[in-house]
Amino acid sequence: MANLLKRLELNGFKSFAQKTVLDFPGGITAIVGPNGSGKSNVVDAIRWLLGEREAKNLRGGKVEDLIFAGTSKRPRMGQAQASLHFDNANGFFPVDFTEVTIMRRASRDGVNHYFLNKSEILLRDLID
């Protein structure tokens, strides 16, 4: 079976202040790294992106905790964004696109937006 998951992009999500792209070529089975490198934040980002609503399930107290909080050298971010890119050449997803991208964006004021291939959708549409 072809590798469906192509890429994860994070920007302003937890420890990922700047745009970070993780490519998933065929054969990837694990993400490894030293303590504090963001491995758990990658998993949290995927759960959040796919609709998790409770910040506590993502190791945070409130939605604002999911947005990069800033450091002494970098200011805090105003929003968090994550996107998953899938290869749909084999038609796995019932849409007329050869690549499917889902994206979630949240701002500090608590507003969330979901996108399917850059078109805004509702969470229930994403789940469907």
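Which elements cover the buried residues of α1? In this predicted model, where residues are numbered from 1 along each chain as its sequence is written, what covers them includes β1, β2 (20–23), β3, β4, β5 (112–116) and α2 (123–127), as the views below set out. Local features need pLDDT of at least 70 and side-chain atom pairs count only at pLDDT 80 or more, while totals for chains, interfaces and linings use all residues; side-chain values use heavy atoms, with hydrogens and water left out.

**View 1**
Six strands form an open sheet in the order β2-β1-β3-β4-β5-β6, with antiparallel pairing; two strands pair if DSSP finds at least two bridges between them, and helices (H or I, at least four residues) and strands (E, at least two) are DSSP runs numbered from the N terminus. At the edges stand β2 and β6 (119–121), each with a single partner strand, so one side of each is left without a neighbour in the sheet. On average, and with direction ignored, neighbouring strands of this sheet are turned by 20° against each other, where axes are lines fitted to C-alpha atoms, for helices over the stretch in contact, and angles run from 0 to 180 degrees between N-to-C directions.

**View 1. Strand β3 between its two partners.**
Strand β1 (residues 5–11) is joined by six bridges to strand β3 (residues 79–87), and the two run antiparallel; within this pairing, Leu8 stands opposite Leu84 in β3. Nine bridges join β3 to strand β4 (residues 99–107), again in an antiparallel arrangement. Here Asp87 stands opposite Glu99 in β4, and Ala82 has Arg104 of β4 as its bridge partner.

Helix α1 (residues 39–49) has as its buried residues Asn41, Val42, Asp44, Ala45, Trp48 and Leu49, buried meaning under 20% relative accessible area, exposed over 50%, and partly exposed in between (1.4 Å probe, protein chains only). Viewed down the axis of α1, these buried residues fall within an arc of 165°, so they line one face of the helix; the arc is that of the directions from the helix axis to the C-beta atoms. The helix α1 lies across β1, β2, β3, β4 and β5, and runs at about 85° to β3. After α1 comes Gly51, whose phi is positive, near 115°.

**View 2. The surroundings of Asn41.**
Asn41, which has its place in helix α1, counts as buried at 11% relative accessibility. Leaving aside residues up to four places away in sequence, Asn41 touches Phe13, Lys14, Ser15, Phe16 and Arg59, where contact means heavy atoms within 4.5 Å.

The structure holds three aromatic pairs; rings of Phe, Tyr and Trp (its six-membered ring) pair if their centres lie within 6.5 Å, with planes under 30 degrees apart counted as stacked, over 60 as edge-to-face and the rest as tilted. Among them, Phe86 and Phe93 form an edge-to-face pair, at 5.2 Å centre to centre and with 65° between the planes. The rings of Phe92 and Phe93 have their centres 5.1 Å apart and their planes at 90°, so this pair is edge-to-face. Ring pairs thus link Phe86, Phe92 and Phe93 into a cluster, in which Phe86 is buried with a relative accessible area of 16%, whereas Phe93 counts as partly exposed at 23% relative accessibility and Phe92 as partly exposed at 48%.
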